[in-house]
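This report describes one protein chain for a reader who has its sequence and model at hand.

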Amino acid sequence: MTKSETLRDRRKAETRQRIQDAARRLIAQNGFEATTMRALAREAGVGVGTVALHFQDKTSLLFSSFFKDISEVSQRAVDGAPENVSIREQFHHMLRTMYGYYAENTLFLRSVVKEALFATGEWKERFDTLLEEVVGKVATLVEVGKVSGEVRPEASSSDMAMVCWSLYATGLIDGLNHERFDVQAQVDAVMARLDVVLDGVLAGGGHGTR
């Protein structure tokens with residue numbers, strides 16, 4: 001790669017980032033539907049054609065502005081979970097990490113989550129792949145719990161991981177529905193629900209009882 005190509009690539013990346021930053025500001029301020037490509041271009045200081053050159057449409061711009069962040073945060077939440085502690089403590093760490101990110105970017109991420117729920121095509125595939133990766137890592141933690149004796153050997157790791165995801169998603173949507181995303185309140189609420197799952201609801205444990 002020549003020096004001119006490197007400079008061109010750097011400028012292209014800078015322009016792309018400037019457009020994404022403008023999208024975050026305007027969508028947080030006006031909402032996704034009310035934000036036009038023309039307004040985005042004006043906010044970013046580029047032409048509408050330049051925006052179109054980098055992003056196929058407004059939805060692609062919205063998701064691309066979010067996807068890199070959420071991939072990194074998700075990885076940090078799972079890979080950074082403390083070792084040699086209970087599954088409950090590990091999940092607590094994951095919740096605080098993920099919800100902390102949403103609390104810092106609530107206005108913008110409300111639009112992202114709303115649109116992502118009904119994503120189609122390439123973006124649906126990318127979101128599904130990310131979900132599979134995260135759920136798979138949580139399932140691995142459950143498997144480790146089996147080895148240590150913390151988790152019953154007959155328990156389904158994949159089912160437990162999906163339960164954790166469902167609890168997380170419920171708490172996320174609830175948090176985004178409030179004017180301010182209260183991380184501690186949402187973590188406490190989700191952990192209380194997780195305790196019901198971990199402890200069971202049948203008298204005496206009742207695992208396997210019919």
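## The largest pocket

A total of 31 residues line the largest pocket, and those nearest its centre are Tyr 102, Leu 131, Trp 165, Tyr 168 and Leu 172. The structure is a predicted model. The space within the largest pocket amounts to about 680 Å³.

Five helices each contribute at least two residues to the lining of this pocket: α4 (58-79), α5, α6 (106-116), α7 and α8 (157-176). Helix α7 provides the largest share of that lining, with eight residues.

## The chain as a whole

The protein chain contains nine helices and zero strands. Read from the N terminus, its order of elements is therefore α-α-α-α-α-α-α-α-α. Along the principal axes, the C-alpha atoms occupy a box of roughly 65 × 45 × 30 Å.

The chain has 210 residues, and 40% of them count as buried. When contacts between residues at least 6 apart in sequence are considered, 69% of them connect residues at least 24 apart. The accessible surface is about 12300 Å², and carbon and sulfur atoms account for 53% of this area. As for charge, there are 26 positive and 29 negative side chains, and the centres of these two sets are 8 Å apart.

## The enclosed cavity

In the whole structure, the search finds one cavity of 30 Å³ or more. The largest cavity holds about 40 Å³ of space.

Its lining consists of Ile 87, Gln 90, Phe 91, Met 94, Val 138, Leu 141, Val 142 and Cys 164. Two helices, α5 (87-104) and α7 (121-148), each supply at least two of the lining residues. The largest share, four residues, comes from α5. Helices α5 and α7 also each supply at least two residues to the lining of the largest pocket.

## Two arginines compared

Which helix holds Arg 24? Arg 24 belongs to helix α1 (residues 3-30). Its relative accessibility is 18%, and Arg 24 therefore counts as buried, since the cut-off for a buried residue is under 20%. Leaving aside residues up to four places away in sequence, Arg 24 touches Ser 65, Phe 66, Asp 69, Tyr 101, Asn 105 and Phe 108.

Arg 88 is part of helix α5. Because its relative accessibility is 33%, Arg 88 counts as partly exposed; this class lies between the limits of 20% and 50%. Beyond residues up to four places away in sequence, Arg 88 touches Met 191, Asp 195 and Leu 198. The C-alpha atoms of Arg 88 and Leu 194 are separated by 8.0 Å, although the two residues are 106 residues apart along the chain.

## A serine in helix α8

Ser 157 is located in helix α8. With a relative accessibility of 8%, Ser 157 counts as buried. Apart from residues up to four places away in sequence, Ser 157 touches Ala 139, Val 142, Glu 143 and Lys 146. One of these residues, Val 142, also lines the largest cavity.

Notes: Residues numbered from 1 in each chain as written. Predicted model: local features only at pLDDT ≥ 70, side-chain atom pairs only at ≥ 80, totals over all residues. Heavy atoms only, no water. Buried < 20%, exposed > 50% of the residue type's maximum accessible area, 1.4 Å probe, protein only. Contact = heavy atoms within 4.5 Å. Areas by Shrake-Rupley, 256 points an atom, 1.4 Å probe, with all protein chains shown as cover. Lys, Arg positive; Asp, Glu negative; His and termini not counted. Charge placed at Lys NZ, Arg CZ, Asp CG, Glu CD. 1 Å grid on protein atoms, 1.4 Å probe; cavity = no way out; pocket = protein on both sides within 12 Å on 5 of 7 lines; lining within 4 Å. Points joined across faces, edges and corners; volume = space filled by probe spheres on them.
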